[in-house]
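Here is a short briefing for anyone meeting this protein for the first time. Take a look at the structure below, then read on.

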Amino acid sequence: MSRAARLAIFLSLLGVALGLIILVVADFLRSSPGRIDFATGHQSGQPVQLHVQTVGAIGYGVHPTWVSYLVQDAHGKWVHTTLWQLPAHTEIDVTIDQYDSGSALRNQQIGLVTGTNGGTASLNGNPVSVIDSNSGNGVGHTFSIPSLGINVPLAGVDPNAPNVCSQAPCDAKSVRNEVKFSFTTPGPGEYPWQCFVPCGLGFLYGNGGPMQAVGYMDGFLQVVS
Ligand SMILES: [Cu+2]
C-alpha cells in the first residue's frame, strides 16, 4: 500500500473518530436538564406549590422509552427536569400526578410515608400513611429525599385502563393517582432526591438507565436562603 493510501485511511478513520466524539458531546449537552427556580421572588412565609408528574415513558428526547418525572414551571408549562431551586425553611406543598402502573415492592419499608409534615400524605383525597403494594395496582415510584428522611410511595394506576398515558406531559384525560403532601425545606444546601422503586425496565435489576439519570428518576433540591 502506498504512503498516500495509508495516509488517506488514517485521515478517514480520524474523521470518523472525531465525528463520534462530537456526537457524544452533543448528546450529553442536549440531555443535561435545566433547573426550575421557585426561590427567586418568593415571598417569605408563603408556601411553594410544587406540581410534578411521573410518566411510564417520557415519549420524546434522547430516551423516549424511559420512565420520568416532570415538573410544572411558574407559567404552568411541564418541563423535563428534576432540578428544583427552593427557598430555605419554607413549606413546600407537593402534588404528584402519578400516571404510571406499579408492582409489588421488593422492600415493604418504602411503602411507608415518612418525613412529611404531619407524617401523612393523601391519595386521591384520602389520607394515607402506608401503601400495601401487594394489593391493588402496587407502587410505581417513590418520591424520596433520604437526607431529610422523606419517603412517599406513589400508588400505581390500573395498567388495563383504556386511557393510560403514553406520552408526556400527561393530563387529566389519562388515568392517574393524585398524591399530595407537604414538607419543610431545611437550610441552604443540595439535597439529592430519587425514586427507590427499581423502575428502570430493561436494565440490570431495574436499577440502571433512568434510575441512575438526573432528569428522570433522580434529582436535586437546590435550597437557597
Ligand atoms: Cu421510579
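Val55 stands opposite Ser68 in β3, in a model that is predicted. Four bridges join β3 to strand β2 (residues 48-55), and the two run antiparallel. Here strands (E, at least two residues) and helices (H or I, at least four residues) are DSSP runs, numbered from the N terminus, and two strands pair if DSSP finds at least two bridges between them.

**Reading the model**
- Residues are numbered from 1 along each chain as its sequence is written.
- Because this is a predicted model, local features need pLDDT of at least 70 and side-chain atom pairs count only at pLDDT 80 or more, while totals for chains, interfaces and linings use all residues.

**Strand β3 and its other neighbour**
- Four of the five residues of β3 (residues 68-72) are buried, so this strand is largely enclosed by the rest of the structure; a residue is buried if 20 or more other C-beta atoms, placed from the backbone, lie within 10 Å of its own.
- β3 also pairs with β4 in the antiparallel sense, over two bridges.
- In that pairing, Val71 stands opposite Val79 in β4.
- The two strands β3 and β4 form a hairpin with five residues between them, and Gly76 in the turn has a positive phi of about 85°.

**The sheet around them**
- As a general point, strands of a sheet pair through backbone hydrogen bonds, either parallel or antiparallel.
- Seven strands form an open sheet with mixed pairing, in the order β4-β3-β2-β6-β11-β7-β8.
- Its edge strands are β4 (78-79) and β8 (126-128), each of which pairs on one side only.
- Within this sheet order, strand β6 (residues 91-98) and strand β11 (residues 177-184) pair in the antiparallel sense over eight bridges.
- Gln98 has Asn177 as its bridge partner in β11.

**The chain as a whole**
- Buried residues make up 32% of the 225 residues in the protein chain.
- Among contacts between residues at least 6 apart in sequence, 69% join residues at least 24 apart; two residues are in contact if their C-beta atoms, placed from the backbone, lie within 7 Å.
- Along the principal axes, the C-alpha atoms fill a box of roughly 80 × 45 × 30 Å.

**Domains**
- The protein chain is divided into domain 1 (1-31) and domain 2 (35-224), with bounds that come from an automatic or database domain assignment.
- The C-alpha centres of domain 1 and domain 2 lie 41 Å apart.

Definitions and conventions: A residue is buried if 20 or more other C-beta atoms lie within 10 Å of its own, exposed if 12 or fewer, and partly exposed in between; C-beta atoms are placed from the backbone.
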